[in-house]
Amino acid sequence: MSNMILYHGSPDIVRKPEYGRGKPYNDYGSGFYCTENIDLAREWACGESLDGFVNRYELNPAELRILNLSTENYTILHWLALLMKYRRVRISGAVMKRGMEWLTAHFVPDIDRFDAIIGYRADDSYFSFARAFVNNEISLRQLSYAMKLGELGEQFVLKSKKAFSSIRFISSEKVSNAVYFPRRKQRDDAARAAFQQELDRDDLDGLFMRDIIREKVMPDDPRIR
């Protein structure tokens, strides 16, 4: 397996990522969040009024155990369960509370067995889509559609000491918030607009969170594939 080039958008130059640092309430818990897409890294590097840096790294994945949430072994509910476990979520009703409990009890992968994770990044709009599903406002089909909007992209997250020891800093690039923050906002706005059009079509026969709870839907249920 050939080496990977990964990018990390940050307000700072990060020459040596440190194991154990990072916010515990990120998408997949604490870790070092990267992407293979340099343009996405540039967008993620900038705040509304702050420039940032894209740090470039090389990684040999050959000896790493990698959990890829995009493979056929997993569904969008596995990704969603991890979000519900790690992200800070405002609970707005009984269905949402029970939905979060069901997902985290039955769909959370055992990520401690892996050195790294590949999966969606839940930017603002996408997190709102995920929350709407757990709150029984949209169907599973609508959530799956929403995740394809705006060229969301995937992130590569280092989780173990072994993964952190396998990454090598190459270079950094300063990026302008005047250029890349508007691109990020445009991507987010486009995703929200397209999603609103989808909502207007409704999905009366779809699988909703209430159905998943009531029918005790498990990971091997063909309706979620």
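With 225 residues, the protein chain would have a radius of gyration near 17 Å if it were a compact globule; its value is 18 Å, which agrees. The model is a predicted one. Along its principal axes, the C-alpha trace of the protein chain spans about 50 × 40 × 30 Å.

The protein chain holds 8 helices and 7 strands. Of its 225 residues, 50% count as buried; a residue is called buried when its relative accessible area is under 20%. The accessible surface of the protein chain comes to about 11800 Å², and carbon and sulfur atoms account for 46% of that area. As for charge, the protein chain carries 34 positive and 32 negative side chains, with the centres of the two sets 5 Å apart.

The contacts can also be described by separation in sequence. Among contacts in the protein chain between residues at least 6 apart in sequence, 85% join residues at least 24 apart.

The strand pairings described next involve β2, β4, β5 and β6. Strand β2 covers residues 32–34, strand β4 residues 66–68, strand β5 residues 116–120 and strand β6 residues 154–158.

| Strand pair | Sense | Bridges |
|---|---|---|
| β4 and β5 | parallel | 3 bridges |
| β5 and β6 | antiparallel | 5 bridges |
| β2 and β6 | antiparallel | 3 bridges |

Strand β5 pairs with β4 in the parallel sense and is joined to β6 in the antiparallel sense. Strand β5 is mostly covered, with 4 of its 5 residues buried.

Strand β6 is joined to β5 by 5 bridges and to β2 by 3 bridges. Opposite L158 in β6 stands F32. Because 4 of the 5 residues of β6 are buried, this strand is largely enclosed by the rest of the structure.

In a regular strand, the side chains alternate between the two faces of the sheet.

Read in order of pairing, β4 is joined to β5 by 3 bridges, β5 to β6 by 5 bridges, and β6 to β2 by 3 bridges. Within this arrangement, β5 is mostly covered and β6 is largely enclosed by the rest of the structure.

Technical notes
Residues are numbered from 1 along each chain as its sequence is written. This is a predicted model: local features need pLDDT of at least 70, side-chain atom pairs count only at pLDDT 80 or more; totals for chains, interfaces and linings use all residues. Side-chain values use heavy atoms; hydrogens and water are left out. Buried means under 20% relative accessible area, exposed over 50%, partly exposed in between (1.4 Å probe, protein chains only). Helices (H or I, at least four residues) and strands (E, at least two) are DSSP runs, numbered from the N terminus. Two strands pair if DSSP finds at least two bridges between them. The radius of gyration is taken over C-alpha atoms; the globule rule is 2.2 Å times the number of residues to the power 0.38. Contact means heavy atoms within 4.5 Å. Accessible areas come from the Shrake-Rupley method with a 1.4 Å probe; for residues, only the protein chains shown count as cover. Lys and Arg count as positive and Asp and Glu as negative; His and the chain ends are not counted. The place of a charge is taken as NZ of Lys, CZ of Arg, CG of Asp or CD of Glu.
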